[in-house]
Amino acid sequence: MKLTALRSVWETVTLLCFPRRCPLCDRVLGCDAVDGLLCPACAAREKELRHLPPRLPLTEHCFYAAAGAASAYYYEQEIRQAILRCKLHGHLWYLRELTDLATLRMFPAQPAERTGLLPVYLGVPHLRPFDCIVPVPPRLGEERKPRIPEYIARRMGRILDLPVYRALRPVRRMQPQKDLDLAGRLENRKKGYVVCDYPAVVGRRILLVDDVITSGATVSACAQALFEGGAADVFAVSLAVEEERPHILPNNKEIRYEAAGHRH
Ligand SMILES: [Zn+2]
């Protein structure tokens, strides 16, 4: 039996034993799950939290080395809670549903036929924009913690049918970014990574994967190391991004009514 067939048998068995849950609210998913990944009650909320378009604006972040970056969601509310459940509480199985959702929102892919199956990539096989995936590595001293970007990368790699390589490693200790301003964050990460698997990188178009993008300092430092290691191109993606939301204007209908002196 082929490995893929074995894997699908294994997934059916695990689905029966451990039913899938909505990553936003933790309810068990039924046959009415939206895209096979969300409970119907969370579908509208998921739509509100999407980063549209997924490509991140350069005015809000600093991607000094990566060709660009994209995120599926704003790092807010239910999405933030779901990611923190994985990071802080070790509930890593949410990453499967979150990664499937993010991949559907960022790439040409269609939802799986039913809950528990893999979304289907619709890209043209011989015109793929990337050759492989490289996850952002853990910081020095945190190698034993769950490697969230790597979990995401491996799941995304299965959907997009791309190999995943641990091609980067940090070269020094770096303090957490959260207490630093933009200049401090860029400086803290700069020259912080090197390539440790050159054959995986040289001449490759690389999809760099992280869980959350904030300033862009980490993915930029990783992209710089990949370019210095011989990569042909680097584009970064993440599940979510910390970013100011654009100001939401009242819809045109209301403006028109107010201008005409009508009120509901
Ligand atoms: Zn839900």
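**Entry 1: Glu78 and its surroundings**

I started with Glu78: leaving aside neighbours within four places in sequence, Glu78 is in contact with Leu24, Arg45 and Leu49, where contact means heavy atoms within 4.5 Å. Before going on, I noted that this is a predicted model, in which local features need pLDDT of at least 70, side-chain atom pairs count only at pLDDT 80 or more, and totals for chains, interfaces and linings use all residues. I also noted that residues are numbered from 1 along each chain as its sequence is written, and that side-chain values use heavy atoms, with hydrogens and water left out.

Glu78 sits in helix H3, residues 77-89. Helices (H or I, at least four residues) and strands (E, at least two) are DSSP runs, numbered from the N terminus. I looked up the accessibility of Glu78 and found a relative accessible area of 19%, so Glu78 is buried. The scale I used is buried under 20% relative accessible area, exposed over 50% and partly exposed in between, with a 1.4 Å probe and protein chains only.

Gln77 is also placed in H3. I found Gln77 partly exposed, at 45% relative accessible area, and noted its positive phi of about 40° although Gln77 is not a glycine.

**Entry 2: the zinc ion**

Which atoms hold the zinc ion? I found the SG atoms of Cys22, Cys25, Cys39 and Cys42, at 2.3 Å. Donors here are N, O and S atoms within 2.8 Å of the metal (3.2 Å for Na, K and Ca), and water is not among the atoms, so sites may look incomplete. The angles among the 4 donor atoms run from 105 to 115°, and the site is tetrahedral; for four donors that label asks that all angles lie between 85 and 135 degrees. I wrote down the spacing of the donor residues in sequence as C-x2-C-x13-C-x2-C. Cys39 is buried at 5% relative accessible area, and Cys42 counts as buried at 9%.

**Entry 3: the loop between H2 and E1**

Next I followed the loop between helix H2 (43-48) and strand E1, where Leu58 lies. Leu58 is exposed, with a relative accessible area of 62%. I took one distance from there: Leu58 and Arg80 are 22 residues apart in sequence and 22 Å apart in space, C-alpha to C-alpha. Pro53 has its place in this loop too, and a cis peptide bond joins Leu52 and Pro53, with omega about -10°.

**Entry 4: strand E1**

Is E1 enclosed or open? I found 7 of its 7 residues buried, so E1 is largely enclosed by the rest of the structure. E1 and E8 run parallel, joined by 6 bridges; two strands pair if DSSP finds at least two bridges between them. Tyr73 stands opposite Ala240 in E8.

I then picked out Ala72, which lies in E1 and is buried at 1% relative accessible area. Setting aside neighbours within four places in sequence, its contacts include Leu49, His51, Ala102, Met106 and Ser238. Ala72 and Leu49 are 23 residues apart in sequence, and their C-alpha atoms are 8.6 Å apart.

**Entry 5: the nonpolar cores**

The largest nonpolar core has 44 residues, and those with the most contacts inside it are Phe107, Met156, Leu207 and Val237. Such a core is a set of buried Ala, Val, Leu, Ile, Met, Phe, Trp, Tyr and Cys residues joined through side-chain atoms within 4.5 Å. At least two residues of this core come from each of E1 (68-74), H3, H4 (94-106), H5 (148-160), E7 (205-213) and E8 (233-241). H4 gives the largest share, 7 residues. A second, separate core has 28 residues, including Ala65, Ala167, Leu208 and Ile213.

**Entry 6: helix H6 and what follows**

Just after H6, Lys191 takes a positive phi of about 55°. Lys191 has its place in the loop between H6 and E6, and counts as exposed at 55% relative accessibility.

Technical notes
Four donors count as tetrahedral if all angles lie between 85 and 135 degrees; four count as square planar and six as octahedral if opposite donors are over 155 degrees apart and all others between 65 and 115; anything else is irregular.
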